[in-house]
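Have the viewer open as you read.

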Amino acid sequence: MKSWIVLTAAASIMFLSSAAHTEPTAATPGSEAPALEVSNGQGAVSIASMRGHYVILNFWNSADPQSRIDNALYDRSFARSSSGVKCISICTDDDRYLFEQIIRVDGLQEASQYFHDDSRLGSLMADYSAVGAGKTFLIGPDGHVIALDPDVKTIETIVGGDAA
């Protein structure tokens, strides 16, 4: 009976400790950025092809005003600069025409703006834990996620500190 209690206690401890320790299943600071490849009328890009550069991966949607504002800030601060920071901005809207009009109205760099591929959006969003929109990832030159939802100042500090 005593050995049965010890065995049950040991099994319970093992079960509880394994349940408490779970590996991250999506992009989190310190983890390697999940594979990603997107294309637009200007070409295709992947996270792997941008190794050696800082990358801002931004998910935005027209129904989320803050994500649209942030997208414009990243575009003006990095996509047009010689900072060496690369931008990948993915629109999660369902309407390609609306996406194209927003690029025009907001004056965004077309080369860094991507409209999602319906067939892969769900898995892409799951890989990056980007439910909806308004989720941004700063990925380092080594391909690891450095920060979630960083503002422009934070990115400038990280990139500037690395350049020094």
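Burial comes up throughout, so here are its cut-offs: a residue is buried under 20% relative accessible area, exposed over 50%, and partly exposed in between (1.4 Å probe, protein chains only).

What you see is a predicted model, in which local features need pLDDT of at least 70 and side-chain atom pairs count only at pLDDT 80 or more, while totals for chains, interfaces and linings use all residues. Residues are numbered from 1 along each chain as its sequence is written, and side-chain values use heavy atoms, with hydrogens and water left out.

**Fold**

The chain has five helices and seven strands. Helices (H or I, at least four residues) and strands (E, at least two) are DSSP runs, numbered from the N terminus. Read from that end, the order is α-β-β-β-α-β-α-β-α-β-β-α. Of the 164 residues in the chain, 37% are buried.

**Salt bridges**

A salt bridge here is a side-chain nitrogen of Lys or Arg within 4 Å of a carboxyl oxygen of Asp or Glu. How many salt bridges does a search of the whole structure find? The search gives two, and both are worth a look.

E32 and R51 form a salt bridge through their side chains, at 2.7 Å from N to O. E32 sits in the loop between α1 (2–20) and β1 (37–40) and R51 in the loop between β2 (43–46) and β3 (54–60), so the pair ties together parts that are 19 residues apart in sequence.

D106 and R68 also meet in a salt bridge, at 2.8 Å from N to O. This pair links distant parts of the chain, with D106 in helix α3 and R68 in helix α2 (residues 65–79), 38 residues apart.

| Residue | Relative accessible area | Class |
|---|---|---|
| E32 | 47% | partly exposed |
| R51 | 42% | partly exposed |
| D106 | 15% | buried |
| R68 | 26% | partly exposed |

G107 lies in the loop between α3 and β5 and is partly exposed, with a relative accessible area of 34%. From G107 to D75 is 9.2 Å, C-alpha to C-alpha, although the two are 32 residues apart in sequence. E110 is also found between α3 (96–106) and β5 (113–115).

**Buried residues and cysteines**

F78, in helix α2, counts as buried at 4% relative accessibility. F78 and V55 are 23 residues apart in sequence, and their C-alpha atoms are 9.7 Å apart in space.

Two cysteines are also buried: C87 has a relative accessible area of 10% and C91 has 0%. The structure holds zero disulfides, a disulfide being a pair of cysteine sulfur atoms within 2.5 Å.

Most residues other than glycine have a negative phi. D149 has a positive phi, near 50 degrees. D149 belongs to the loop between β7 (145–148) and α5 (152–163), and is partly exposed at 41% relative accessible area.
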